Amino acid sequence: MNLEDIDQIQSNGSTALHAACYFNHLEIVRSLLEAGASRAIKNKIPGNNRFIGASGKIEWIIVTPYVKETARAERHSLMFYANHSLEELVQRATKFYLSTQLSSVDKIDQVKYFFQQAIEKGDAEYIVKAYTAETGFYSRLNRDLAGGAETGKHERQFIVDMNSSLSKNISSRIQSYKHHGKDLDELRRRRNQYNISLRKTKRDEQIQCKRNLIVNESMSDETDDDDELRRCLNLNEILLQSQNSDLSICYEGIRSARKLLSIERNPPIDELINLNFLPILVQCLSYDQYPDLQFEAAWALTNIASGNTHQTQAVVNADALPYLLRLLHSTYSNVCEQAVWAIGNLIGDGSRLRDYAIELGVISPLIEFIQKDIPITFLRNVTWVIVNLCRHKDPPLSLNIVQEILPSLKYLLSFTDVTILVDSTWALAYLLDCGNPIIQLIVEFDIISDIIRLLNHNEIKIITAALRAVGNIVTGTDEQTQYVLNHGVLNYFSKLLQHSKNKINKEAVWFLSNITAGNQQQVQAVIDAQLIPNVIHHLQHSDIQTQKEAAWCISNLTMSGSVEQIQYVVNQHVIPPLCNLLQQQDAQLLQVCLDALHNILKNIPEENLEHVTREIEECGGLDKIENLQTFSNNEIYHQSYDIIEKYFSNENDDDDDDISSMSQVPRNNIFSFGNNSANQTVPDNNFNQNNPRFEF
């Protein structure tokens with residue numbers, strides 16, 4: 001028999017090696033492996049993949065006469081985790097293993113320190129640090145595992161599981177067993193962290209943090225070609241002109257530099273920085289007797305500050321910010337506005353420059369501009385700078401500063417100008433993404449109703465910003481969430497969930513997912529508003545990103561809701577679309593859908609359980625769950641296995657009858673899995689004769 005015959009794959013994906021493993025014929029397995037049989041071919045028969053592990057490859061290491069005992073031990077370990085919190089598990093490992101069996105291990109105090117940190121910070125990654133530290137712990141643990149001693153067995157296995165987890169967030173696996181759906185604030189917080197793709201909006205939905213003023217904008221009537229400018233303007237000549245004590249000649253040099261910096265393609269920012277041109281520009285800001293020169297210098301600095309962080313920092317290093325702030329008090333409107341623009345670019349670079357500008361007193365003049373009767377274009381720029389003040393959250397603005405700018409933001413929300421409404425709403429959305437204390441401050445300021453009314457606006461950009469703002473509020477506490485609900489926010493969502501734009505649908509479902517992560521009263525509010533059928537519609541028919549949000553919404557409901565509320569979503573036919581998503585390859589989406597199904601099965605009334613299991617089976621969900629036992633993620637594997645074991649297994653106690661029901665004898669050189677005669681026997685030395693084949 002050659003390798004091609006040995007690895008011959010039947011229609012169901014099985015090989016001779018699968019058959020030998022299935023029947024526990026170790027000698028045949030060894031013979032096939034010695035002959036070069038492939039270890040990596042998957043067996044695709046649902047329920048027969050006994051020896052396919054979480055890696056998606058066949059794990060021959062567990063092909064032993066004790067495979068069933070090994071499976072039971074693994075289930076026992078999972079149940080052990082389910083009944084203990086992370087803190088309890090680490091304490092047990094310390095007490096029953098580290099302190100009793102490893103007291104003489106080299107640097108054991110360092111290991112205990114890491115374990116204590118895992119308890120205090122609730123982070124299982126410290127177990128990984130203990131495992132990988134240069135101590136005697138690693139080698140001793142491996143020896144103990146190989147020895148198989150009963151004492152401390154669960155504690156050792158817990159340590160190994162923490163280190164072998166495929167998940168980057170190691171502690172979340174333990175959390176999912178012990179506290180699933182119990183801590184609602186934590187649930188909402190984790191829900192928000194998972195939603196990174198939604199939080200980082202597309203470029204066209206964001207307010208730009210920096211803006212370049214190109215040469216052909218309204219402030220200049222010139223439309224020179226970029227290449228022609230480069231040919232005609234020599235940087236060294238410009239430098240000499242700009243250094244001239246005659247301010248009219250200096251003006252021409254600064255103006256030429258500004259024109260070069262305003263071209264769209266590769267402006268010579270670095271070249272001018274290297275020529276030490278920035279101190280000249282900053283000096284020109286002080287020439288009050290020549291406002292046109294101040295304007296050109298501010299414009300040039302604006303465009304330099306619109307570059308990368310290094311280029312922006314060069315402007316700050318030239319001490320431009322104090323001079324720009326001084327120009328906010330100029331009697332010339334165009335000079336003030338250009339200084340505002342330049343300051344906005346500096347603040348937009350990050351929280352460090354933002355805080356520096358605040359320290360120098362940028363808030364008061366900005367607020368004064370809003371209160372004055374200034375041109376609408378000027379007011380748009382001022383509003384944009386306030387957005388930049390609010391956008392950074394590492395760290396966020398202080399509560400005092402937020403309190404200082406809130407009246408101005410409330411005033412700006414009264415405008416009808418779309419640009420001002422978009423920017424001021426995004427400013428609030430950014431602030432509301434900075435934690436519960438700032439959320440509470442804004443809630444108490446009584447500005448939420450002004451945001452909510454914008455959900456009914458016709459402009460998509462305004463709706464998007466308003467949705468994000470109210471959505472950020474409901475990532476806070478139950479009380480903050482309830483405040484939004486009390487203002488009738490759900491009345492707008494039937495329309496939003498049926499909007500023609502997918503991104504509005506997605507944001508709307510994301511908002512509801514954070515409501516269903518709340519308490520049962522809040523879950524009921526979503527149900528009473530008759531929004532669940534719309535969510536289920538998106539779960540079944542929308543694009544994949546909106547489907548993910550809908551899956552979160554349903555999963556959160558099954559964790560937070562009452563038995564009656566869970567029964568309600570089942571009655572709305574949520575099972576088929578949930579099961580349909582189990583064919584996706586996104587591990588996070590699969591976990592969310594499995595969580596929802598598992599919670600439904602755990603909480604549905606006993607008299608309705610059979611109906612739910614039948615519905616899962618009839619819509620193809622059972623087959624998909626079985627297939628997920630070969631998925632490459634450990635959590636997906638265990639969750640799918642657990643669902644099948646608890647709700648779809650015909651066995652009463654263990655796996656003793658699984659194999660005995662299968663036939664075990666080759667007949668006419670065919671090994672068959674199925675309803676064969678009971679008198680078949682194990683294949684023997686005739687196995688290698690006449691190229692036997694395997695049918696399943």
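Leaving aside neighbours within four places in sequence, which residues is Ile504 in contact with? This report on a predicted model takes up that residue, then the chain as a whole, and then some helix pairs and loops.

Ile504 is found in helix H32, which covers residues 502-515. Outside the four places on either side of it in sequence, Ile504 is in contact with Ile460, Ile463, Thr464, Leu467, Leu496 and His499. Is Ile504 buried or exposed? Its relative accessibility is 0%, so Ile504 counts as buried.

Val29 can be described in the same terms. This residue belongs to helix H3, residues 26-34. Because its relative accessibility is 6%, and buried means under 20%, Val29 counts as buried. With residues up to four places away in sequence not counted, Val29 touches Leu17, Ala20 and Cys21. Between the C-alpha atoms of Val29 and Leu17 there are 6.3 Å, and along the chain the two residues are 12 apart.

## The chain as a whole

The chain has 696 residues, and buried residues make up 55% of them. Its secondary structure comes to 42 helices and 2 strands. How many of the contacts between residues at least 6 apart in sequence join residues at least 24 apart? The share is 71% of such contacts in the chain.

The largest nonpolar core has 164 residues. Val362, Phe493, Phe511 and Leu512 are the residues with the most contacts inside this core. Apart from it lies another core, of 22 residues, which includes Phe115, Ile119, Ala124 and Phe137. As for Val362, its contacts are Leu325, Ile343, Ile347, Ala357 and Leu389, when residues up to four places away in sequence are not counted.

## Two helix pairs

Two packed helices are described by the angle between their axes and the distance between the axes. The table gives these values for two pairs.

| Helix pair | Residues | Axes come within | Crossing angle |
|---|---|---|---|
| H26 and H29 | 418-431 and 460-473 | 8 Å | roughly 15° |
| H15 and H18 | 247-261 and 291-305 | 9 Å | roughly 25° |

Angles under 35 degrees count as roughly parallel, so H26 and H29 are roughly parallel to each other. The crossing of H26 and H29 is left-handed. On the H26 side, the residues that meet H29 are Val418, Leu421, Val422, Thr425, Trp426 and Ala429. On the H29 side they are Lys461, Ile462, Thr464, Ala465, Ala466, Arg468, Ala469 and Asn472. Sorted by class, this contact of H26 with H29 has 9 nonpolar, 3 polar and 2 charged residues. Thr464, listed here on the H29 side, is also one of the residues in contact with Ile504.

H15 and H18 are likewise roughly parallel to each other. H15 passes H18 in a left-handed crossing. From H15, the residues in this contact are Leu247, Cys250, Tyr251, Ile254, Arg255, Arg258 and Leu261. They meet Asp292, Leu293, Glu296, Ala297, Trp299, Ala300, Asn303 and Ile304 in H18. The residues of the contact of H15 with H18 comprise 10 nonpolar, 1 polar and 4 charged.

## Backbone details in the loops

Which residues does a cis peptide bond join? The bond is between Asp394 and Pro395, with omega about 0°. Pro395 is placed in the loop between helix H24 (376-391) and helix H25 (399-412).

Asn276 is not a glycine, yet it has a positive phi of about 60°. The loop that holds Asn276 runs between helix H16 (269-274) and helix H17 (278-284). The relative accessible area of Asn276 is 51%, and exposed means over 50%, so this residue is exposed.

Gln530 also has a positive phi of about 60° although it is not a glycine. Gln530 lies in the loop between helix H33 (520-528) and helix H34 (532-541). At 62% relative accessibility, Gln530 counts as exposed.

Methods:
Residues numbered from 1 in each chain as written. Predicted model: local features only at pLDDT ≥ 70, side-chain atom pairs only at ≥ 80, totals over all residues. Heavy atoms only, no water. Axes fitted to C-alpha atoms, helices over the stretch in contact; angles between N-to-C directions. Helix = DSSP H or I, 4+ residues; strand = E, 2+ residues; numbered from the N terminus. Parallel < 35°, antiparallel > 145°, perpendicular 65-115°, else oblique. Left-handed = near helix turned anticlockwise from the far one by under 90°. Contact = heavy atoms within 4.5 Å. Nonpolar A, V, L, I, M, F, W, Y, C, P; charged D, E, K, R; others polar. Core = buried A, V, L, I, M, F, W, Y, C linked by side-chain atoms within 4.5 Å. Buried < 20%, exposed > 50% of the residue type's maximum accessible area, 1.4 Å probe, protein only.
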